Amino acid sequence: MQGLYSDIQSIPGRAAGRARTGEDTGARAGLDAAPGPGAPAGPGRGRPVAGRLLDERGRHRFTDSALLGRDRELRAVDRFLTRMCEGADVLVLSGDIGVGKSALLQEAARAARRDGFVVVEARGRRTEADLTGAGLTQVLLRLDAAVHGPSRCSADQNGRLSRLVATDDGPHAASAAAHEALTAICAPGTPVLLTLDDSQWFDTQSLKALVLALRRMAGHRVGLLVAARAGSARSAELPLLSLGPLDAEAAERLLRRTARFLAPPLFRRVLTEAAGNPAGIIGIARGLDSQEVPPAALLAPRLPLGEPLREKVAGLLDGVPDAARDFLLLAAEAHTDRMDVLREAARLAGLPVDGPAGAEWTGLVTVRGERLRFRHPLLRSAVHWSASFAQRRRAHLALAGALTGDPYHRALHTAAVSGRPDEATAAALEEGVADDLPQAATVLELAADLSPERHDQVRRLVLAARAAERRGQTGVLRRLVGRITDLPVDPDLTAAATALEARVAYQSDGVPTHALSLLMRSASSRNTEWPPPFLPLTSAISSALCEPALNRALTPKLEAMLAENPARQRCAYLLSALCWADRPTYAPAGRALLDLSLRDRPEHEVDDPSREAALAVVAMALDDPAAAHTLGSRALEPLVARGHFGTARQVLAFLQMAHVHLGDRTAVLSDADLGLHWARTADDTRARLVFEAGVAQVQAWEGEQDGHRTLTDGILSFALPRRLTLLAARARWSRGLMSLAHGRPEEAYEELRMLWHADGDARHPFVARWALGDVVAAAVASGRDNDVRPYMEQVAREDRQNRSAPLEHLVARSRALLSEDGEEADGHFTRALSLGGEETRFERARTHLAYGEWLRRQRRVLEARVQLQRARDIFAAIGAGIWSRRAASELLAAGEAAPSAHPAWAEQFRLTPREAEVARLAASGLTNQKIGWQLGLTHRTVASHLSRVFVKIGIGSRKQLPSVLRA
């Protein structure tokens with residue numbers, strides 16, 4: 001075996017000093033530095049290679065590769081491909097299981113094909129490792145297929161090849177066959193790349209035959225790229241490119257690409273356990289990202305790898321003696337690497353005394369300074385998940401006896417195998433588990449199962465359910481609450497248990513009233529906690545307190561709690577519910593609490609993110625989206641960092657509503673992306689539709705009708721029967737806005753009146769206020785001014801206590817639109833733009849647009865252009881495409897037209913900018929009325945423009961416009 005590859009030294013130009021191992025080989029395997037300025041071009045530099053010119057300025061074939069953290073290796077492979085175009089060459093990619101050899105091999109094959117190489121790919125098979133000639137047979141079949149299309153090699157030829165390799169002169173005869181096949185494919189002068197993956201399973205005789213064939217092809221453009229496991233004796237004399245683990249930055253990027261929304265604690269755990277192994281990162285992350293993680297996986301010493309990778313890594317245990325294998329399992333199950341603890345556990349397990357030494361002798365572990373380390377980072381996981389329950393039970397019992405100084409981990413080992421009540425173990429689990437651990441709910445449930453007393457069992461189940469609730473583990477929460485309700489609950493736990501039951505009832509069908517009786521029972525139960533257990537849920541569903549049944553039942557209870565202790569005005573949970581239930585009364589207290597929080601606490605100091613989340617709910621109740629953004633963002637990061645996705649999902653829903661008001665399209669869609677993932681993971685339909693409502697609003701800004709009706713129909717079909725009026729109102733609002741954008745004011749008004757009218761099916765006072773500007777715009781455009789005047793004045797009166805700048809802005813704009821006096825309208829527009837609220841960009845742009853349209857109709861063209869330009873620029877900046885085009889159209893009418901924007905057909909027929917715009921919209925199928933709405937014209941003016949267009953073009957009907965304009 002020592003001389004298997006010695007013949008490769010005889011390939012001209014490839015021999016001297018090339019056979020090295022490890023990283024030092026890199027310089028001769030393509031890692032040498034590029035020549036300096038003025039240096040003569042070496043082989044393949046700066047000249048066409050297989051139809052491609054290599055870039056001398058640092059770019060190479062793989063510059064745009066998707067592989068992360070492999071730039072050094074990709075450059076080496078790039079230089080190998082260049083060298084092999086000058087003559088036969090070989091390179092071995094060496095590394096541990098999962099380090100990315102196959103991915104690099106595939107990347108090389110793709111790049112070679114792009115450059116016009118003939119690529120022949122082969123892979124060693126474990127079942128054929130001892131079958132002489134099997135590997136060469138596979139290669140020759142693939143070479144033959146590359147030359148002649150579908151392989152013509154018969155079964156007789158396969159057998160003949162195998163017999164050739166098996167004879168005394170077999171390697172030379174077989175290499176001659178390989179040489180003949182390679183020569184045939186190289187005859188046209190096209191470079192040939194032969195890749196060999198999993199070469200450790202390629203039989204030795206076939207490998208030797210390939211090397212001998214390559215020796216004879218010094219003048220041909222052929223290369224052999226081999227992937228081999230690190231430490232393979234058969235590749236010791238070949239040029240090696242060693243692949244190590246990814247660096248920390250590349251590992252993080254790969255994990256984020258694989259599992260974008262992984263909880264930070266799990267994210268850190270994956271990075272630690274994979275230790276830069278790309279296959280480990282991907283395999284572990286995919287198992288965690290697909291669904292709720294099974295409790296067994298969270299409690300295991302290592303997360304599962306996925307079955308294919310586990311089997312591959314477990315193959316390292318083949319041939320390991322039983323004693324060594326048993327000790328490796330002990331080491332894998334242990335939460336320590338201390339050899340004194342592991343030796344004691346081995347003694348307690350009854351393992352042979354040579355077990356530890358035997359494990360080290362296998363080379364799978366190393367011991368340095370009485371610390372044990374697994375050589376491969378994924379081996380601990382493979383050992384654990386390959387063992388039977390009986391084998392793991394034996395290891396857990398031994399480790400529980402050895403870990404005398406670590407109560408928590410000793411309790412974990414005991415709980416893994418014990419089913420008997422054990423208060424000491426249960427108490428150690430409860431005391432030792434950290435709140436932000438992904439397995440917190442599972443550990444606390446274990447503690448409950450080990451509790452001898454029923455009261456302690458229920459109490460620990462409640463703690464477990466609360467941990468699941470915070471983490472958004474909906475399935476776990478439902479199961480735990482089911483267990484609690486099946487047990488007798490003592491009076492001091494009734495309030496907490498019933499509040500959890502109410503949470504499950506609300507999450508199950510999304511109907512707040514279904515949780516009402518449970519909430520009231522929790523509120524009436526004996527309780528010493530503050531805030532009481534029912535209050536956080538009341539805060540979470542506070543936007544539903546506009547529903548009369550909820551308001552009548554809960555508001556008196558909330559007011560009584562506040563009356564008992566006026567200092568509770570600083571309780572964010574209590575104020576968030578009261579501000580939604582009775583805003584005129586509690587707006588001053590809510591505003592004071594917001595101001596105090598925003599003024600006295602720097603952004604980076606968040607002691608209680610759940611309280612900040614409740615303050616964001618207060619801010620939305622007071623129509624202060626800027627404060628809601630600040631407080632919600634401040635709460636979200638620490639909640640996510642702790643893995644409290646249940647609370648984070650609620651915060652994100654209000655944060656997205658704030659971003660809608662702020663006109664931040666990118667943030668709304670980003671919120672939806674994250675929120676939809678959380679909602680689907682938690683199987684929470686209501687939450688999913690909440691985030692989709694934000695998407696629908698963005699579509700209305702863009703004017704994107706495709707799918708909008710279907711999206712909002714889905715929201716309404718879920719929300720209306722359940723009386724989820726906030727959700728239904730948001731869907732109606734986006735539909736009304738979409739109709740306005742496309743020039744259908746009557747349709748818009750019918751949608752929007754549902755928000756505020758007595759017979760509206762989505763009546764919600766908060767959303768109706770937020771949509772006030774659209775309600776009035778639709779009413780004015782459809783001739784229903786008088787219908788909305790009383791409502792607009794009612795909104796203005798109700799806001800006097802709160803004085804919300806965004807709402808005052810909408811009121812001023814609405815008064816301007818409804819005003820019949822020119823001077824008065826001008827004053828209202830001016831006041832609207834003088835108010836604060838620059839951060840509500842979409843509504844501010846709408847005011848600029850409405851003011852500009854009004855000024856143009858007043859023939860104050862220069863002033864109109866200023867307003868319309870601002871509207872156009874803001875709309876364009878936030879991605880409100882259809883509104884930006886409308887502002888641009890108004891600018892055309894005001895006399896500002898970019899020559900480049902005038903189409904060729906308009907020049908041909910000498911149409912004015914306004915005539916061209918009318919013709920374009922008419923050709924798209926819009927009626928005169930819809931064209932007039934988009935351009936701010938009466939339908940008679942549109943008809944007049946079209947008449948002139950018909951005369952200039954020489955047609956008699958608008959049906960002829962599309963064909964004429966396309967010609």
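In this predicted model, helix α18 (residues 423–432) packs with helix α20 (residues 454–471) at an angle of about 25°, and their axes lie 12 Å apart. Angles under 35 degrees count as roughly parallel, so α18 is roughly parallel to α20.

**Helices α18 and α20**

- The crossing of these two helices, α18 and α20, is left-handed.
- On the α18 side, the contact is made by E423, A426, A427 and E430.
- On the α20 side, D456, R459, R460 and L463 take part.
- Sorted by class, the contact of α18 with α20 has five charged residues, three nonpolar residues and no polar ones.

**Helices α42 and α43**

- Helix α42 (residues 861–878) packs with helix α43 (residues 881–893) at an angle of about 155°.
- The axes of α42 and α43 are 8 Å apart.
- Are the two helices parallel or antiparallel? Angles over 145 degrees count as roughly antiparallel, so α42 is roughly antiparallel to α43.
- Here too the crossing has a hand: α42 passes α43 in a left-handed crossing.
- From α42, the contact draws on R865, L868, Q869, A871, R872, F875 and A876.
- From α43, the contact draws on W883, S884, A887, A888, E890 and L891.
- By class, the contact of α42 with α43 has eight nonpolar residues, two polar and three charged.

**Helix α15, mostly covered**

- Helix α15 spans residues 379–386.
- How many of its eight residues are buried? Six are, which leaves the helix mostly covered.
- The buried residues of α15 are L379, R380, S381, A382, V383 and H384.
- What covers them? The cover includes three helices, α11 (307–314), α12 (322–333) and α16 (389–402).
- Strand β9 (371–374) is also part of the cover over the buried residues of α15.

**Cysteines and disulfides**

- A disulfide is a covalent bond between the sulfur atoms of two cysteines.
- How many disulfides does a search of the whole structure find? The search finds zero.
- Buried means under 20% relative accessible area; C85 has 6% relative accessibility, so C85 counts as buried.
- C579 has a relative accessible area of 0%, so C579 is buried.

Key
Residues are numbered from 1 along each chain as its sequence is written. This is a predicted model: local features need pLDDT of at least 70, side-chain atom pairs count only at pLDDT 80 or more; totals for chains, interfaces and linings use all residues. Side-chain values use heavy atoms; hydrogens and water are left out. Axes are lines fitted to C-alpha atoms, for helices over the stretch in contact, and angles run from 0 to 180 degrees between N-to-C directions. Helices (H or I, at least four residues) and strands (E, at least two) are DSSP runs, numbered from the N terminus. Angles under 35 degrees count as roughly parallel, over 145 as roughly antiparallel, 65 to 115 as roughly perpendicular and the rest as oblique. A crossing is left-handed if the near helix is turned anticlockwise from the far one by less than a right angle, and right-handed if clockwise. Contact means heavy atoms within 4.5 Å. Ala, Val, Leu, Ile, Met, Phe, Trp, Tyr, Cys and Pro count as nonpolar, Asp, Glu, Lys and Arg as charged, and the others, Gly among them, as polar. A disulfide is a pair of cysteine sulfur atoms within 2.5 Å. Buried means under 20% relative accessible area, exposed over 50%, partly exposed in between (1.4 Å probe, protein chains only).
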